[in-house]
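Here's a quick briefing to read alongside the model. Take a look at the structure first, then work through the notes below.

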Amino acid sequence: MQQGGGSETEVTWEDQQNINKFGRLNNRLHELEDEIKISKETNENLEDASNELILTDEEVVRFQIGEVFAHVSKEEVESRIEQMKELTSKSLEKLEEEKDSVVAQMAVLKKILYGKFKDSINLEED
């Protein structure tokens, strides 16, 4: 005579692969969120620097290159800041696209895994 509900669902190799893939995607999602946050902060800092540059009266300003400050003309600094803002914006756009892709893949895996395991698996973050 058996005791218990017997509601155990067997985990196949394919199921384990889906669970592992979901875990990897979840880790990547957190990495992307951190990278997006840093990229947004960088964009804000560049915008602030650009605004400060507009307010200055000096023709030659100090510009940080690596760990060194160099005296550079105001026009060149404006040009460099604009280039840096463009690069950061493009990078942010790519990160957002990758994040959307990861979220979509995770949604598909959630549907598959919850469909098979119901309440036996928890894929939500608390």
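Let's start with burial: of the 126 residues in the chain, 24% are buried (buried means under 20% relative accessible area, exposed means over 50%, and partly exposed is in between, using a 1.4 Å probe and protein chains only). Keep in mind that this is a predicted model, where local features need pLDDT of at least 70 and side-chain atom pairs count only at pLDDT 80 or more, while totals for chains, interfaces and linings use all residues. Residues are numbered from 1 along each chain as its sequence is written, and side-chain values use heavy atoms, with hydrogens and water left out.

**Overall layout**

- The chain contains 2 helices and 2 strands (these are DSSP runs numbered from the N terminus: helices are H or I with at least four residues, strands are E with at least two).
- Reading from the N terminus, the order of elements is α-β-β-α.
- The chain is more spread out than a compact globule, because its radius of gyration is 25 Å, well over the 14 Å that the globule rule gives for 126 residues. That radius is taken over C-alpha atoms, and the globule rule is 2.2 Å times the number of residues to the power 0.38.
- Along the principal axes, the C-alpha trace spans about 90 × 20 × 20 Å.

**Salt bridges**

- Side chains of opposite charge can pair when their charged atoms come close.
- How many salt bridges does the count come to? There are 8, where a salt bridge is a side-chain nitrogen of Lys or Arg within 4 Å of a carboxyl oxygen of Asp or Glu.
- One of them joins arginine 28 to glutamate 31, with the closest N and O atoms 3.1 Å apart. These two sit about one helical turn from each other, because they are 3 residues apart in helix α1 (residues 13–55).
- Arginine 28 is partly exposed at 23% relative accessible area, and glutamate 31 is partly exposed too, at 41%.
- Arg28 and Glu31 also belong to a network of salt bridges that links them with Glu35 and Glu98.
- Over in helix α2, glutamate 76 and arginine 80 lie 4 residues apart, about one turn of the helix, and their side chains meet in a salt bridge (3.0 Å, N to O).
- Glutamate 76 is partly exposed at 35%, as is arginine 80 at 29%.
- Helix α2 also holds glutamate 82 and lysine 85, 3 residues apart, and they form a salt bridge with closest N and O atoms 3.2 Å apart.
- Is lysine 85 buried or exposed? Lysine 85 is buried, with a relative accessible area of 14%, whereas glutamate 82 is partly exposed at 37%.

- Asparagine 122 is in the segment after α2, and it counts as exposed because its relative accessibility is 54%.
- The C-alpha atoms of asparagine 122 and serine 73 are 58 Å apart, and the two residues are separated by 49 residues along the chain.
- Aspartate 126 is also found in the segment after α2 (74–117), and with a relative accessible area of 93% it is exposed.
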